[in-house]
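Student: I would like to learn how to read the features of a structure like this one. Please put it up and take me through it.

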Amino acid sequence: MNKTLQNDLLIRAALSQSTERPPVWMMRQAGRFMPEYWEIKNKYSFLEMCKTPEIAADVTMLPVDLLDIDAAILFSDILVTAEAMGGELSFEQGVGPRFNNPVRTQADVDRLEIDCIDKLQYVADAIHVVQERLAGRIPLIGFAGAPFTILSYLVEGGSSKDFKRTKLLLNNQPALAHQLLKKIADVTINYLNMQIEAGVNAVQLFDSWALALSWNDYRDFSHYYNKYILANIKRSVPVISFCKGSSVFAAMMAEANPNVISIDWNADLKNVKQLLPAGIAVQGNLDPFVLYADKHVIKDKIIQLFERMRGEQGFIFNLGHGIMPDIPFDNVKYAIDVVKEFRY
């Protein structure tokens, strides 16, 4: 039992210890599907919300208070590291993140800073505020974007459907891509260590766009740097590794020695778990679109997953990816209630 936490289900599951039921949290759980989120969002820009510790804490606490989940995840964005390095970041309604100075050349890579952790102090400040408010009720998860995913935003100048510029960089200028990835990785190590020192109880590395890569490119341009990060952060809290495509890459992801691998909905979770080395937990893997369905369907799908995972230690319930903005709040709350009523 974690003495500092009243509810340490997530920590126990992450460390592959026995739990009376699966712990539950959901990616994007503090997001746009909640009216209370929009009450805050309509007053401030997205970056103001991230950079103002009290506001970030308010948003972090919404699913804690309204959904009664088993873990909070800090309200922030994966791209704050890229901004601290020198990316001119903005968020446009209906468009998403934009970098007004995309990284395309050697000179662009050279101008990015590594010694920039002081610019992210607002994240550590937000962690302190959230932990004061949580008062040991549940764990707080910190996070960072993985180097390949951050590279893709910097190179594309924002979101991309085909990652054409990113793949051109990897293919035509691999040495430059590696320089950029190493810079991002070094900042990410410092950033995650700062969060751990500030008091998060676990961290998650988000490689949101890894699925865009071939097997060899994933190995060389993503996995290599994720492994480097996990080898160089303070491993005093559990580490969750997430990528879209984890059902394909899980065996390779395990080589980085995370405590937990978060699995998308394309795989049978028990099969993945049994193929992984002993002691690596799994997180997932309900298709988020199930949460649009009728409540009896939501319940059936969750129970089906739990029965499949019965007897497996090291299982955190989550979605295969994040909650969509227009999923009904009542359905999300119902899903969490179903999980919390379950007993092995």
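Student: Which residues does UniProt list for the domain "Uroporphyrinogen decarboxylase (URO-D)"?

Tutor: UniProt, in an unreviewed entry, lists residues 23-32 and 141-157 under that domain name. UniProt positions follow the numbering used here, feature names are shortened, and annotations may be inferred rather than shown by experiment. As for the model itself, it is predicted: local features need pLDDT of at least 70, side-chain atom pairs count only at pLDDT 80 or more, and totals for chains, interfaces and linings use all residues. Residues are numbered from 1 along each chain as its sequence is written, and side-chain values use heavy atoms, with hydrogens and water left out.

Student: How much helix and strand is there in residues 23-32 and in residues 141-157?

Tutor: Helices (H or I, at least four residues) and strands (E, at least two) are DSSP runs, numbered from the N terminus. Residues 23-32 are 0% helix and 0% strand, and the C-alpha atoms at the ends of this span are 23 Å apart. Residues 141-157 are 59% helix and 29% strand, with 28 Å between the end C-alpha atoms.

Student: Where does UniProt place the feature "binding site"?

Tutor: The unreviewed entry puts it at R28, Q29, A30, G31, R32, D77, Y153, S208 and H321. These positions cover 294 residues of sequence and are also spread in space, up to 22.8 Å between C-alpha atoms. From this set, R28, Q29, A30, G31, R32, D77, Y153, S208 and H321 are in the lining of the largest pocket. Pockets are found on a 1 Å grid over the protein atoms alone: a pocket is an open set of points with protein on both sides within 12 Å along at least five of seven lines, whereas a cavity is a set where a 1.4 Å probe fits but cannot get out; lining residues have an atom within 4 Å of a point.

Student: Is H321 buried or exposed, and what is it in contact with?

Tutor: Buried means under 20% relative accessible area, exposed over 50%, and partly exposed in between (1.4 Å probe, protein chains only). H321 has a relative accessible area of 13%, so it is buried. It is found in the loop between β9 (315-319) and α15 (329-341). Contact means heavy atoms within 4.5 Å. Leaving aside neighbours within four places in sequence, H321 contacts M27, R28, F242, K244, W265 and P288.

Student: What about R32?

Tutor: R32 lies in the loop between α1 (9-14) and α2 (35-41), and at 44% relative accessibility it is partly exposed. Not counting residues up to four places away in sequence, it touches Y37, W38 and P325.

Student: How many aromatic pairs does the structure hold?

Tutor: A pair of aromatic rings is described by the distance of the centres and the angle of the planes. Rings of Phe, Tyr and Trp (its six-membered ring) pair if their centres lie within 6.5 Å; planes under 30 degrees apart count as stacked, over 60 as edge-to-face and the rest as tilted. There are 17 aromatic pairs here. One of them is Y153 with W209, tilted, at 6.5 Å centre to centre and 50° between the planes. Y153 lies in helix α8 (residues 147-156) and W209 in the loop between β5 (202-207) and α11 (215-232), so this pair ties together parts 56 residues apart in sequence. Y153 is buried at 9% relative accessibility, while W209 is partly exposed at 23%.

Student: Which pair is edge-to-face, and which residues form a cluster?

Tutor: Y224 and Y225 form an edge-to-face pair, with 4.9 Å between centres and 75° between the planes. Y224 is exposed at 53% relative accessibility, and Y225 is buried at 4%. As for the cluster, ring pairs link Y37, W38, F46, F75 and F91.

Student: How many salt bridges are there?

Tutor: A salt bridge is a side-chain nitrogen of Lys or Arg within 4 Å of a carboxyl oxygen of Asp or Glu. By this rule there are 17. In the one between D58 and R133, the closest N and O atoms are 2.5 Å apart. D58 belongs to helix α4 (residues 53-67) and R133 to helix α7 (residues 121-134), so the pair ties together parts 75 residues apart in sequence.
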